[in-house]
Amino acid sequence: MTSLHDSSSTSRSLIERARSLDAEAWRRLCEVYGPVVYRWAKGKGLQATDAADIGQEVFRAVAMKIGTFRRDRPGDTFRGWLWTITHHKLGDYFRTHNNQPRAVGGSTARLELHERAEDGSLDSSVGDDADAEREILHRALALIRVEFELTTWQAFWRTTVDGLSIDQVAAEVNLSAGAVRQAKYRVLRRLRDEMRDENAT
């Protein structure tokens with residue numbers, strides 16, 4: 001049984017709610033996507049504090065620009081848009097800190113990263129990597145977990161994540177096969193609602 005959110009909030013996506021300055025949506029948005037931005041920054045050789053600073057800059061830009069996020073073309077995703085902002089912030093960082101070597105590998109590594117930022121080769125495909133997608137899904141699932149009863153969640157998890165058959169899970173959680181199907185459907189529908197703007201359809 002869903003509980004913590006009224007129907008008006010759950011019927012709109014996380015991004016849509018963030019656009020309307022919903023404080024809880026912003027908290028959830030940062031919780032889902034913040035670690036991904038941090039990992040992208042760390043992956044470019046930044047130390048933890050610098051990666052955290054990049055994350056703050058990225059989400060400051062997101063707050064100012066979220067009204068401009070659109071899915072006008074096939075394949076447009078919020079994650080891809082977020083990576084574009086991160087890419088620009090990383091470029092700014094390397095241009096600003098080129099003469100202050102602090103990254104692992106010293107000044108040579110920093111210069112190489114700076115040159116990559118300048119020539120646009122920071123790997124613009126990073127925003128679509130499978131690890132980021134998995135991390136976002138797991139974080140979104142953790143956020144919506146509290147909205148469901150234990151048996152509903154177990155039925156969803158065991159069928160969808162663990163790959164057990166409907167009949168196996170029905171016996172395991174003491175539900176009918178129809179109830180297991182319904183539980184799986186309800187959680188997936190809630191996840192789709194939460195992340196509707198993440199993947200273009």
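**View 1. An aromatic cluster of Tyr33, Phe69, Phe78 and Trp81.** These four residues form one aromatic cluster in this predicted model. Rings of Phe, Tyr and Trp (its six-membered ring) pair if their centres lie within 6.5 Å; planes under 30 degrees apart count as stacked, over 60 as edge-to-face and the rest as tilted. The structure holds 10 aromatic pairs.

As the model is predicted, local features need pLDDT of at least 70 and side-chain atom pairs count only at pLDDT 80 or more, while totals for chains, interfaces and linings use all residues. Residues are numbered from 1 along each chain as its sequence is written, and side-chain values use heavy atoms, with hydrogens and water left out.

**View 2. The pair of tryptophan 40 and tryptophan 83.** Among the 10 aromatic pairs is an edge-to-face one: the ring centres of tryptophan 40 and tryptophan 83 are 5.2 Å apart, with planes at 75°. Tryptophan 40 sits in helix α3 (residues 23–43) and tryptophan 83 in helix α5 (residues 78–96), so the pair ties together parts 43 residues apart in sequence. Helices (H or I, at least four residues) are DSSP runs, numbered from the N terminus. Tryptophan 40 is buried at 3% relative accessibility. Tryptophan 83 is buried too, at 2%. Buried means under 20% relative accessible area, exposed over 50%, partly exposed in between (1.4 Å probe, protein chains only).

**View 3. The pair of tryptophan 153 and tryptophan 157.** Their ring centres lie 6.1 Å apart and their planes at 25°, so this pair is stacked. Both belong to helix α8 (residues 150–160), four residues apart, or about one helical turn. Tryptophan 153 is buried, at 9%. Tryptophan 157 is partly exposed, at 26%.

**View 4. Packing of α3 against α5.** The two helices pack at about 45°, with axes 11 Å apart. Axes are lines fitted to C-alpha atoms over the stretch in contact, and angles run from 0 to 180 degrees between N-to-C directions. That makes α3 oblique to α5 (under 35 degrees is roughly parallel, over 145 roughly antiparallel, 65 to 115 roughly perpendicular, the rest oblique).

**View 5. The buried face of α10.** Helix α10 (residues 177–194) has 18 residues; at 1.5 Å a residue it should span 26 Å, and its end C-alpha atoms are 26 Å apart, which agrees. The expected span is 1.5 Å times one less than the number of residues. Val180, Ala183, Val187, Arg190, Leu191 and Glu194 are buried in α10. Seen down the axis, the buried residues of α10 fall within an arc of 100°, so they line one face. The arc is taken from the directions from helix axis to C-beta atoms.
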